[in-house]
Amino acid sequence: MSSTPKPLILNGFAMTVPGHVSAGVWRHPDDRSHEYTRLSYWTHLAKLLDEGGFDNLFIADALGPIDVYGGTPDAALRTAAQQPLNDPLVLVAAMAGVTRRLGFGVTVSTTYEQPYALARKFSTLDHLTQGRVAWNVVTSVLESAARNLGLPRQIEHDERYDLAQEFLEVCYKLWEGSWEDEALLRDRTHGRYIDPARVHPIEHAGRYFQVPDAHVSAPSPQRTPLIFQAGTSARGREFAARNAEVVFLGGTSPIQIRTSVDAIRARAVELGRRPDSIKFITAIVAIPAASAEAAQAKYQEYLSHTSLEAALALFSAWTGVDWSQYDLDHPLEYIETNAGRSALRGLTAKDASRRWTVRDIAEYIGVGGIHPKLVGTGAQIADQLEQLAEEAGVDGFNIAYAISPGSFEDFIEYVIPELRARGRLTLPGHGRTLRGRLIGTDRLSDDHPGAAFRALLQGPSVLAQDYRASAAREPA
């Protein structure tokens, strides 16, 4: 273990659905996640996390019906496997209004948005939160999303990342290279609110997007929201090394996670970024109680409410494989698909000494999805978090729930005091913005490729040209 403890990033992990990654546990009598359609549910959750010592509420999202299992959405609808699903972006302003410190990491796909419009939304939220918003950049895995959002079929896996890279280039230009710091005057005497000479069109002409004009929103506290990213395929790692400030890595073993951490960090250094410029987090589900026996009893109670059908509907969506076609005792095997590749690759390699079946995986992901399950006293879970952080090389965790908000309440009651006593919580007054608290600077670091577009404020930029050339390079 490290001799000098460092604070761990703690994110509450949720989704605008009943349940989330725990399959069928919404049936538990203490679960309130079915109240996801009420604003009071979200403001209560935000206040709970804010006052309880969490850094961020990380909200997952998906687009389209969960319809891979059996080729229809019936199983997901019947069992509430991440269905029905609301839009998380519209919740942030209300939650920001009842919190002081908590950040909000919102998942939005580059495949089905327009950068000019999305840049405005994030600038607006960054203003309203006073710099507490993050964007979890994803490219989407569901074929149903493509079908319902204007595409004849899903864009190929690697091309989705090509599109995402240009999408972010446009956003960086809008956020970093469009408005000078001195553009906003608010000069009441002379009636000049903005100096138009200090607002610059970005003149972007690319393969996927044509965006000639200046950003429509004034610069926000962070300008660019803190950039989260999740994905450990080869192209996902390359994208993270170029863009991410916080990378969310799924994984079932510390060695598997550390392999991705080391690969992304090494590639980031090759691209000119500092080794510590990216923070890494992974997900766990924690089930703490006053005693180890009580925690195990609670875990077994949650397991009794899980649904194999819901688990397989989720697993099918995550992997792009229709597991209804396989017998429950069929051995799990890696199958190349056009969906998310890292989840299936990791699970098929989960334990070389064991022959995992479809049934085993469905039972395993019933509580907490594919993420590790930590069960025990607050001290035992704190020990496991510290050990996992050390072995996997991560800087923090997405804390998933079995029931909401009960799992978060338990974590705050039993685990947070242990972490606080060990110096593992970020300091309340550290950092003016979410980026400032987690990364150490309120704006994009100078070594981040997106910062190069600040030179657009002075006209044609050699740095921006270098950025485009770098983006075109093959991964090392």
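Trainee: Is W323 buried or exposed?

Mentor: W323 counts as buried, at 0% relative accessibility. Keep in mind that this is a predicted model.

Trainee: And Y326, what does that count as?

Mentor: Y326 counts as partly exposed, because its relative accessibility is 25% and the buried class stops under 20%.

Trainee: How many aromatic pairs does the structure hold?

Mentor: There are 17 aromatic pairs in the structure. One of them is F13 with F58, an edge-to-face pair with 5.5 Å centre to centre and 75° between the planes. F13 sits in strand β1 and F58 in strand β2, 45 residues apart, so the pair links distant parts of the chain. F13 is buried at 4% relative accessible area, and F58 is buried at 1%. W323 and Y326 also form a pair, a tilted one, with 5.1 Å centre to centre and 45° between the planes.

Trainee: Which residues form the aromatic cluster?

Mentor: F122, W135, F167, W175, Y208 and F209 form one cluster.

Trainee: Back to β1. How many of its residues are buried?

Mentor: Strand β1 covers residues 9–15, and seven of its seven residues are buried. On one side are I9, N11, F13 and M15, and on the other are L10, G12 and A14. Both faces are covered.

Trainee: Which strands does β1 pair with?

Mentor: β1 runs parallel to β13 (residues 396–400), with four bridges between them. N11 stands opposite N398 in that pairing. β1 is also parallel to β2 (residues 56–60), joined by five bridges, and there A14 has I59 as its bridge partner.

Trainee: What lies between β1 and β2 in the β-α-β unit?

Mentor: Helix α1, residues 39–52, and the unit it makes with the two strands is right-handed.

Trainee: New topic, α4. What length should that helix span?

Mentor: Helix α4 has 14 residues, 115–128, and at 1.5 Å a residue it should span 20 Å. Its end C-alpha atoms are 20 Å apart, which agrees.

Trainee: Which residues of α4 are buried?

Mentor: The buried ones are P115, L118, A119, F122, S123, L125 and D126. They cover an arc of only 165° around the axis, so they are on the same side of α4.

Trainee: What do they pack against?

Mentor: They pack against α3 (92–97), β3 (103–109), β4 (133–138) and α6 (157–176). After α4 comes Q130, with a positive phi near 60°.

Trainee: How many residues of β4 are buried?

Mentor: Six of the six, so β4 is largely enclosed by the rest of the structure. V133, W135 and V137 point one way, while A134, N136 and V138 point the other way.

Trainee: And which strands does β4 run parallel to?

Mentor: β3 is joined to β4 by six parallel bridges, and V108 has V137 as its bridge partner. The chain gets from β3 to β4 through α4, in a right-handed crossover. β4 is also parallel to β9 (residues 226–230), with four bridges, and V137 stands opposite Q229 there.

Trainee: Last one. Where is G366 found?

Mentor: G366 is in the loop between α12 (358–364) and β12 (373–376).

Trainee: Buried or exposed?

Mentor: G366 is buried, with a relative accessible area of 2%.

Trainee: What does G366 touch?

Mentor: Leaving aside residues up to four places away in sequence, G366 touches V21, S22, A23, V25 and T306.

Methods:
Residues are numbered from 1 along each chain as its sequence is written. This is a predicted model: local features need pLDDT of at least 70, side-chain atom pairs count only at pLDDT 80 or more; totals for chains, interfaces and linings use all residues. Side-chain values use heavy atoms; hydrogens and water are left out. Buried means under 20% relative accessible area, exposed over 50%, partly exposed in between (1.4 Å probe, protein chains only). Two strands pair if DSSP finds at least two bridges between them. A crossover is right-handed if, with the strands pointing away from the viewer, the path from the first strand over the helix to the second runs clockwise. The expected span of a helix is 1.5 Å times one less than its number of residues. The arc is that of the directions from the helix axis to the C-beta atoms. Contact means heavy atoms within 4.5 Å. Rings of Phe, Tyr and Trp (its six-membered ring) pair if their centres lie within 6.5 Å; planes under 30 degrees apart count as stacked, over 60 as edge-to-face and the rest as tilted.
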